[in-house]
Amino acid sequence: MPELPEVETVKRVLLPIVKGRTIKDVEVLRKTIVNNLENEFISFIKNETVLDMSRIGKFLIFHLTNDKVLISHLRMEGKYIELLENEDSTKYARVVFHLDNGHKLCYDDSRSFGRMIMSNEKDYLNEKEIAKLGPEPFDVDDVNPLLEKAKRISLPIKTALLSQELITGLGNIYVDEVLFASKIHPLTPAKLINKNEWEKIISESKRILAEAIELGGSTIKSYHPGKDINGEFQTRLLAYGRNRQICVLRHAFMRFIKVNGRGTTFCPRCQIKRGAPLKIAIVGKIASGKSTVLEEFRKANSCCVSSDQIVHELYAQKAIQELIIKKLKVKEEGEFVEALRNHIANNSKDLDKLEKIVHPLVKKEIEAAFKKSKAKLLVAEVPLLFKANMQNMFDIIVGVDIDEKIQIERLQLRDKEKSALLKRLNDEKNLFNEHLSEIDFIVNNNDNLACLRKEVRSIICKVEDRLNPLLPRT
Ligand SMILES: [Zn+2]
């Protein structure tokens, strides 16, 4: 979808093509573009001359003779293409303007979501689509009115900015860029954005939009501002489209979440989430003491769930047992968990299949438990976090580390099958070490239990600080 910089680029490309030109005729090939007012539209436009063009947010404004104004919204795929009269119109031409210099201008829109609105100089700013728009960042000198207006908005800042009612001109791509540059988490309720942060949002919006306009916008998918102009800004995007890539500033992996249905990419380190609820994952090697860490969170009135417990409960369900037996062709002998364990021991390749069934179910159960809870800290012990790629579900990841020697000693007390165990140990160690940069807090469990508990309590204090949205953000 073209955003403000792209629409500004379209305006700049189009202005020399149409300025001073009289529209000799117009064909409406798709009535919905002109709100089904085909005949009115033709007589409105015909024989008028384009005096100038302007832009409000993502709306293109054509100023015509006789005080007429044509408002054009490109929406998803709309574009203008200039052709000679004897050239064929474009494939998705919806409205064709025939100009007095032997050229024609095709409004091309494969999805036909774009709209053209007839108005006049006196009223066009009051048309409902335009009137609700907030000021462009370029026109904001004082953020106080924004701060006041936003105080009534509980929606996430990302959603509030996309609505165009606070400020206009930031679409999905640039909201992600601006929030990343401003170090604000996209889920922060708009009413909690403080004055400094609004100043940051406005100054970063000005900088990013100006830079994008300078570079001709971002060419994403099908957008083309004009012949021979390509958006270069896409090569400069630091947040949008960079899920799972390393953040340019702090070397954490960027995460992708949905905010009111819109895909959103952010850096969990640069854009720390503040205010409840906070979702916390506990990961760690086997026998590292994850359950003790979870227990400590439970004492701090968190909602605590354990994936191992969830898996245990899932395996007890008849329907799930049947599904696994069918998909993996497990021999039904004796107790289910025992039969499954034997099956995997003899068919190690089926572990992937099993995980494909179980991981989504565990994810669903964790989400359901969190949804039900009113606690401010929602904590899950998730040994499978990295393997199941569940990082995006959580705001904070706590890792429990342990020296290998101590780990093996503790494990030998638990388990007798040493060779299988050592392999698993190695796999888990590698997984943990590979993802070290994604872990926000690491606790070491090489000492006694009291030391571990103390370390966890200090992490809980730090996490609880984030629950208070009024604290100064660093
Ligand atoms: Zn970062």
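Which residue in E4 does Phe62 stand opposite? Phe62 stands opposite Leu70 in E4.

This is a predicted model, in which local features need pLDDT of at least 70 and side-chain atom pairs count only at pLDDT 80 or more, while totals for chains, interfaces and linings use all residues. Residues are numbered from 1 along each chain as its sequence is written, and side-chain values use heavy atoms, with hydrogens and water left out.

Helices (H or I, at least four residues) and strands (E, at least two) are DSSP runs numbered from the N terminus, and two strands pair if DSSP finds at least two bridges between them. An open sheet is formed by four strands in the order E2-E3-E4-E8, with antiparallel pairing. Its edge strands, each pairing on one side only, are E2 (50-56) and E8 (115-120), and the twist averages 20° from one strand to the next. Helix H1 (residues 4-18) packs on this sheet, touching E2 and E3, and its direction makes about 175° with that of E2; such angles run from 0 to 180 degrees between N-to-C directions, and axes are lines fitted to C-alpha atoms, for helices over the stretch in contact.

| Strands | Sense | Bridges |
|---|---|---|
| E3 (residues 59-64) and E4 (residues 68-73) | antiparallel | five |
| E11 (residues 278-284) and E14 | parallel | five |
| E14 and E15 (residues 441-444) | parallel | four |

Strand E14 (residues 396-401) is largely enclosed by the rest of the structure, because six of its six residues are buried, where buried means under 20% relative accessible area (1.4 Å probe, protein chains only). Both faces are covered, with Ile396, Val398 and Val400 on one side and Ile397, Gly399 and Asp401 on the other. Within E14, Val398 is the bridge partner of Ile282, and Asp401 stands opposite Asn444 in E15.

Helix H8 (residues 290-299) and helix H15 (residues 449-465) have axes that come within 10 Å and cross at roughly 50°. That makes H8 oblique to H15, a class left for angles that are not under 35 degrees (roughly parallel), over 145 (roughly antiparallel) or 65 to 115 (roughly perpendicular). Contact, meaning heavy atoms within 4.5 Å, is made by Thr292, Val293, Glu296, Phe297 and Lys299 of H8 and by Leu449, Leu452, Arg453, Val456, Arg457 and Ile460 of H15.

Phe180, found in helix H6 (residues 172-182), is buried, with a relative accessible area of 3%. Leaving aside neighbours within four places in sequence, the residues in contact with Phe180 include Leu238, Val248, Met254 and Cys267.

Notes. Buried means under 20% relative accessible area, exposed over 50%, partly exposed in between (1.4 Å probe, protein chains only).
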